[in-house]
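Dear colleague,

Please find the structure below, together with its sequence. I would be grateful if you would read the notes that follow with the structure open.

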Amino acid sequence: MRVPFAAWVALAGLAAVALLLALVPLTGPDRGLRIEAAVTPSSPVTSPEASSQPQAGLFTLNRIREHLLDQPPGEEVRVDARTSEVLLYCSECIRLSASLEISGEPFQIALISEPGSDSVISAAVVGRRSGEPVLRLIVSGHELSLTPGRGGTLVAQESQYGPADQACCPSGWSVQVYRYRNGRFEAGQQISQAGTG
């Protein structure tokens, strides 16, 4: 049985269209950060630019707490009122998290929890200036985590509650990326899903 030339041309055309359709997803724009499920706190992610190795000589927990409660005038980043109140009345509500280094500069993350619970309400990133602690970033939220990301970034994740959500079960989340640039952390991309409950 002989296949007509027109059938071969049509078959070749269909094959070319199928190949082009298969390649289209590979040539599309960068979709950036993709979130597939509700965000839960995770262990730090390391990259060559942001090392989570402990830094010798970084400040003690008590020294960081003292600095956050008694910041010198003129410091760019200020502690919010809610975090100050928790730190003032609850010395057990602060704990050290990851130490990291970005562009050769050491930082320490301290997490501040709601009194009587493990729910993190603030995360402070403390650096060093002339041997003294300096607050470089403070992030506040509900059920917050702050972890080192790729390329010298920090990633803040928090739960968000909808109007009908119970205290145990938030139905929304938010992710905010911070990049260290020119001696300060700058807010970057934010992705969130509003609570629907």
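Predicted model: local features only at pLDDT ≥ 70, side-chain atom pairs only at ≥ 80, totals over all residues.

Residues are numbered from 1 along each chain as its sequence is written, and side-chain values use heavy atoms, with hydrogens and water left out.

The chain has three helices and nine strands; helices (H or I, at least four residues) and strands (E, at least two) are DSSP runs, numbered from the N terminus. Their order from the N terminus is α-β-α-α-β-β-β-β-β-β-β-β. Of the 197 residues, 38% are buried, a term that stands for under 20% relative accessible area (1.4 Å probe, protein chains only). Of the contacts (heavy atoms within 4.5 Å) between residues at least 6 apart in sequence, 46% join residues at least 24 apart.

Helix H2 (residues 61–69) has Ile64, Arg65, His67 and Leu68 as its buried residues. Seen down the axis of H2, these fall within an arc of 160 degrees, so they line one face of the helix; the arc is taken from the directions from the helix axis to the C-beta atoms. The buried residues of H2 pack against H3 and against strands E2 (94–102), E3 (105–113), E4 (120–129) and E5 (132–140).

Threonine 83 is in helix H3. Threonine 83 counts as buried because its relative accessibility is 0%. Leaving aside residues up to four places away in sequence, threonine 83 touches Ile112, Ser122, Ile138 and Ser140.

Two of these contacts of threonine 83, Ile112 and Ser122, are also bridge partners, with serine 122 in E4. E3 and E4 run antiparallel and are joined by six bridges; two strands pair if DSSP finds at least two bridges between them. The two strands form a hairpin with six residues between them, and glycine 116 in the turn has a positive phi of about 80 degrees.

E4 is mostly covered, with eight of its 10 residues buried. Eight bridges join E4 to E5, again in an antiparallel arrangement, and glycine 127 has valine 134 in E5 as its bridge partner. The hairpin of E4 and E5 has two residues between the strands, and serine 130 in the turn has a positive phi of about 55 degrees.

Yours sincerely

Notes. Buried < 20%, exposed > 50% of the residue type's maximum accessible area, 1.4 Å probe, protein only.
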